[in-house]
Amino acid sequence: MPVPLPPRGRAARRVRRRITLAALPAVLLTLAAAGAAPGATDPAAGATAPTAQAPARTPARSAVVRTATPPAPRPRVFDATPARASLQRLLPRHAGQFTLVADAGAGPDTFTVSGTAGAITVRGSTGATLLTGVGWYLQHVAGADIGWPGDSIGLLPAELPAVPAPVTRSARVEHRYALNDTDDGYSGPYRTFEEHQRQIDLLALHGINEVFVQVGAEYPYYRALQRFGYTAEELRQWIPGPGHQSWWLLQNLSGFGGPVSEDLMRGRAELGGRIAAQLRGLGMTPVLPGYFGTVPPAFAGHNPGAITVPQGDWAGFDRPDWLDPVSPPFAKLAAAYYAEQRAVFGDSTMYRMSPLHEGGLTGSVDVKAAAGAVQQALWAAHPGALWAVLGWQDDPTKELLDGVDTSKLLILDGLSDRYNRLDRETRWGGTSYAIGSIYNFGGHTTVGANTSVWIDRFESWRAKPDSALAGIAYLPEATGTNPAAFDLFTDLAWEPGPIDQRKWFADFAGRRYGAPDAAAAAAWEELRTGPYSTSSGLWSESQDSLFTARPSLTAAGSAYWSPKAMRYPAGSVRRALDHLLKVDPRLRGSSAYRFDLVDTTRQALANHSRVLLPRIKAAYDAKDLALFRELTADWERREKQLDALVGSDPNFLLGSWLSAARSHGADEAEQDRYEYDARTILSVWGRQSTSEGGFLHDYANREWSGLISELYARRWSAYFASLEEALVRRAAPRAIDWHAFEDAWARLTTRHPARPSGDPYVLATGIAATLPEVN
């Protein structure tokens, strides 16, 4: 378990944290925190002992050290108290009607639900599985939804309905992994513990058992590297701001958005330790970042015998150097890193690493030998721990797989639903993998997912005679969007047979707003056949909005890397909006309905931008000044409608994002620095070479109130003004330096509302009345 740290607060509490972490040597913190051999966990905390994870077939590997088969796991004995606390948070009015029973004799990942009206019993093999049983009951018996975001629990009856007959469910796959490496950066790098706790509760409710913990991952680097020739100040300059740390851990960049303060790093380490402890308490695995060789500049000069390889460029950033894992200093640095990590985060049985992610240079490094050395360093600190590696682009390579014991490797496939003609068993030599989806990039506010592809491939890939499919991997680059996609994807692991997509969406419509409703069913059938039935081949997410695009009459998308055209008939969303407006008034009070209404209306408006912009271009090309002015005025009116609409729901507010960043600064200068970190990730992303040369500007575009009015609308207004001036003067339009425009916005410190305002139903009704029908 991690060392208890005091609650995060202002100056006085910062001093206490400084004493807790900084004053004790790492070895003493390690001994205090571990309490057991490395890799072990505390049964009282609800964690389970590590078990072997053997693939369907493990190919022979030369020069690979095999681990002995561990003894059969003992019955799971755990404390259900953390699960009861989660249940109280999730269902404050009804938690008392559930009895949660820690069932030591239940099979792995198994729950049973039974009970009479007002007295529901859930038995399960872990605290998280107990919550998954509660989630099953809400979904299949009570007809309510706790989504991400939005819920309908306010419509539950005072007395919960009985379970007609006891039901037992077991997970169909061992690994149910969640969170992309980028989630912390794109979902909220400055979130509170309560926000992370809510995320954990939702993941447990939906059957996830392995969760990536990135918050505070910089602190072990900071502590360990001070013993390898670096000053604290040098490391503070090297570590980026929280908004960009995801890519630093991936060895893509360093420094941007910093320098970070020591107080911030301690606070984030404390937070990460609490998150890890929360997961352990529920019997979930905190997946911690492992060490694979990232070092600051000049490491070899400080450490004789070290061999480092410059990693070249990533999207306009100089990548951090890679320390050859075979060179002698690597094992020492890895040991120091893991000791510091253990002191704050405790132990785990699963670690996340992707060497050479999105490029990188191998130089003279033998990748096979390097991979083996990375795994051996991990096992020296955590014997037998599982290494999770992202399946993305060409990774993991054959060389990496040849160098490790693949019975202790899990590939998180980020491309399972994106391309066709995939054969993962052949591609990865039988190494175990989790089928995954990245249906959201950068936190885009766009609905849709390749859900029919998920259902088909999960079933067909599991049924292969040589199948190595061992899990699911929930990997959107940002979470908290597309609640239907989250629900369906996690259901893959728990439904006893193939999911009927049409029936699933019909049932989802019935529970999403708390009761069956014909209009809701019609709305979700339109969404099912439209944005939630897109095909594989090139994309795993839907197109983004042109309102958020850098201005151009030929703009086809906002993010350079996003689809450039509609991936489904726009009429499906437009019709869904009309149906949602007809939902029974008694069902309109839930946060689920409010979010879906705002999100669907927002999407209908975003799709309309793709109709309106070509008309503006045609008017400009025809030099029809009157029509150009009419159409651009309509565009600007739509942007104002959009900003007001999304301002009526708490999930679409720029103000919340910025105030969270500022809350971490000790003084105004530090607050401004973290706000710049938070603003840049949404706009220019990085420096000019990154924004322009790396094509990352607007990568994380999203239709949020405040972001629309202060950046996107002003950007389009400046552009249209330049075109109108050109038409009047009959000259070429003046050039606009968009990076300078956007960077100026990123350096603002203007305040925006952190609370919603306006009536979503009134605003959506007004927009629907002015939007044309679409086929």
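The model is a predicted one, in which local features need pLDDT of at least 70 and side-chain atom pairs count only at pLDDT 80 or more, while totals for chains, interfaces and linings use all residues. Residues are numbered from 1 along each chain as its sequence is written, and side-chain values use heavy atoms, with hydrogens and water left out. Helices (H or I, at least four residues) and strands (E, at least two) are DSSP runs numbered from the N terminus, and contact means heavy atoms within 4.5 Å.

**Helix packing**

- Two packed helices are described by the angle between their axes and the distance between the axes; here axes are lines fitted to C-alpha atoms, for helices over the stretch in contact, and angles run from 0 to 180 degrees between N-to-C directions.
- Helix H12 (residues 328-345) and helix H13 (residues 367-381) have axes that come within 9 Å and cross at roughly 40°, and the two are therefore oblique to each other, given that angles under 35 degrees count as roughly parallel, over 145 as roughly antiparallel, 65 to 115 as roughly perpendicular and the rest as oblique.
- The H12 and H13 crossing is right-handed, a crossing being right-handed if the near helix is turned clockwise from the far one by less than a right angle, and left-handed if anticlockwise.
- On the H12 side Phe330, Ala334, Tyr338 and Arg342 meet Ala373, Val374, Ala377, Leu378 and Ala381 of H13, and by class the contact of H12 with H13 has eight nonpolar, no polar and one charged residues, where Ala, Val, Leu, Ile, Met, Phe, Trp, Tyr, Cys and Pro count as nonpolar, Asp, Glu, Lys and Arg as charged, and the others, Gly among them, as polar.
- The axes of helix H26 (residues 707-729) and helix H27 come within 11 Å and cross at roughly 155°, which makes H26 roughly antiparallel to H27, and the crossing is right-handed.
- Leu707, Glu710, Leu711, Arg714, Arg715, Ala718 and Tyr719 of H26 make this contact with Trp738, Phe741, Glu742 and Trp745 of H27, a set with seven nonpolar, no polar and four charged residues.
- Helix H27 (residues 738-746) also packs with H24, their axes coming within 8 Å and crossing at roughly 135°, which makes H24 oblique to H27.
- In that pair Tyr676, Arg679 and Thr680 of H24 meet Asp743, Trp745 and Ala746 of H27, with three nonpolar, one polar and two charged residues by class.

- Not counting residues up to four places away in sequence, Phe98 touches Leu87, Leu91, Ile120, Val122, Val134, Tyr137 and Leu160.

**Buried polar and charged residues**

- Asp109, in the loop between strand S1 (98-102) and strand S2 (110-116), is buried at a relative accessible area of 17%, where buried means under 20% relative accessible area, exposed over 50% and partly exposed in between (1.4 Å probe, protein chains only).
- The C-alpha atoms of Asp109 and Asn209 are 8.9 Å apart although 100 residues separate them along the chain, and Asn209 is among the contacts of Asp109 beyond four places in sequence, which also include Arg169, Arg176 and Trp494.
- Arg567, in the loop between helix H19 (518-529) and helix H20 (571-580), counts as buried at 17% relative accessibility, and its contacts beyond four places in sequence include Asn450, Trp539 and Glu541.
- Arg662 is in helix H23 (residues 654-662) and counts as buried at 14% relative accessibility; leaving aside neighbours within four places in sequence, Arg662 is in contact with Glu668, Gln671, Asp672, Glu675, Thr749 and Arg751.

**Backbone geometry**

- Most residues other than glycine have a negative phi, and most peptide bonds are trans.
- The peptide bond from Trp148 to Pro149 is cis, with omega near 5°, and the bond from Gly258 to Pro259 is cis with omega near 0°.
- Lys623, which is not a glycine, has a positive phi of about 55° and is exposed, with a relative accessible area of 65%.
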